[in-house]
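I opened this structure for a first reading. These are my notes on what I looked up.

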Amino acid sequence: MPYIILVLVIVVIIVIITNIRIIPQAHSAIIERLGVYSATWDVGLHVKIPFIDKLVKIVILKEQVVDFAPQPVITKDNVTMQIDTVIFFQISDPKLYVYGVEKPMMAIENLTATTLRNIIGDLELDETLTSRDTVNTQMRAILDEATDPWGIKINRVELKNILPPREIQDAMEKQMKAERERREVILRAEGEKSSAILVAEGNKEAQILQAEAEKRAAILQAEAAKEAQIRKAEGEAEAILKVQGATAQGIRMINESNPSSAVLTIKGYEALVQLGGSQATKIVIPTDLQGVAGLATSVKELVK
């Protein structure tokens, strides 16, 4: 009897231990009781009733990423392309995720493919290649609304690759090459134009500076010549004044010394000799030297 009790206790302990569940962070567990939904276990330690409760599924609540294989789509201008999409989603309601749809990932993939075909079918090739953001936004809105009953929140949709047919890719590469060459020619022409403009402006500026320098030099030269003439005139005037002053001083000294008639006669002769040094001077010598003395006396009186 004691052995039976011990065995029962061990069995009970084993059953309890096997029915203990620890739900990790960012996870939830769906529990059914007798085949009917019973509860959603959050993070922590939980114990289910043996043989009655059943853990149906542990759901990951973190944001998940799924990359779907390329899907063939046809544009409005009848160009077939291969487009693969990347979906970022998160489970918002574990119960709806488990009971809302069978194989949720397959459902999302098929829904993504049909939505993509509908959107691209209204766009031409060029619009498809340049309107990724618009397509992403439209797909996210449509998928998010469609997956709400499945307990799934679509956070983001991205078109990963858009692969047009090979002949269209070759044509696009040629077009891009031609466009790059055209831009290169334009940039080179603009560079040469800018260089020519800068050179012309530099020459113009140099000519203006040279003209201004020549003008300043002419002004300085004219001012220097004017200053030289002024100084020369001032020097000549000062020399004349000094000569006149010396002459007056000499006459004054002669008058003060009360020279004799003979001295005056000699000075008169000296003056006549100086006058005779000029070729254009005509000298009349009086026969009477006394007249010369008289002339000197008259000059003396005049100076007084």
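Entry one: a helix pair. I looked up helix α3 (residues 104-120) and helix α5 (residues 132-147), whose axes come within 10 Å and cross at roughly 140°. The axes are lines fitted to C-alpha atoms, for helices over the stretch in contact, and angles run from 0 to 180 degrees between N-to-C directions. So α3 counts as oblique to α5, given that angles under 35 degrees are roughly parallel, over 145 roughly antiparallel, 65 to 115 roughly perpendicular and the rest oblique. I noted the crossing of α3 and α5 as right-handed; that means the near helix is turned clockwise from the far one by less than a right angle, and left-handed means anticlockwise.

I then listed who makes the contact (heavy atoms within 4.5 Å). From α3 come Ile-108, Leu-111, Thr-112, Thr-115, Leu-116, Ile-119 and Ile-120. From α5 come Val-135, Gln-138, Met-139, Ile-142, Leu-143, Ala-146 and Thr-147. By class, the contact of α3 with α5 holds ten nonpolar, four polar and no charged residues. Here Ala, Val, Leu, Ile, Met, Phe, Trp, Tyr, Cys and Pro count as nonpolar, Asp, Glu, Lys and Arg as charged, and the others, Gly among them, as polar.

Entry two: ground rules. The model is predicted: local features need pLDDT of at least 70, side-chain atom pairs count only at pLDDT 80 or more, and totals for chains, interfaces and linings use all residues. Residues are numbered from 1 along each chain as its sequence is written, and side-chain values use heavy atoms, with hydrogens and water left out.

I found eight helices and nine strands. Helices (H or I, at least four residues) and strands (E, at least two) are DSSP runs, numbered from the N terminus. Of the 304 residues, 22% count as buried. Buried means under 20% relative accessible area, exposed over 50%, and partly exposed in between (1.4 Å probe, protein chains only). Among contacts with a separation of 6 or more, 64% join residues 24 or more positions apart.

Ser-28 sits in strand β2 (residues 27-33). Is Ser-28 buried or exposed? Ser-28 is buried, at a relative accessible area of 2%. Beyond its neighbours within four places in sequence, Ser-28 is in contact with residues including Trp-41, Lys-57, Leu-61 and Pro-94. I followed Leu-61 next, into the loop between β5 (53-60) and β6 (64-67). Leu-61 is partly exposed, at 25% relative accessibility. Its contacts, again leaving aside neighbours within four places in sequence, are Ala-26, His-27, Ser-28, Gln-90, Ile-91 and Pro-94. The C-alpha atoms of Leu-61 and Ser-92 are separated by 7.2 Å, although these residues are 31 apart along the chain.

I placed Val-86 in strand β8 (residues 80-91). Val-86 is buried, with a relative accessible area of 12%. Its C-alpha atom is 7.0 Å from that of Val-65, 21 residues apart along the chain. Not counting residues up to four places away in sequence, Val-86 touches Val-65, Val-66, Asp-67, Arg-156, Val-157, Glu-158 and Lys-160.

Most residues other than glycine have a negative phi. Leu-34 has a positive phi of about 60° and is not a glycine. I found Leu-34 in the loop between β2 and β3 (36-41), exposed at 66% relative accessibility. Lys-103, also not a glycine, has a positive phi of about 55°. Lys-103 lies in the loop between α2 (94-99) and α3. Its relative accessible area is 52%, so Lys-103 is exposed.
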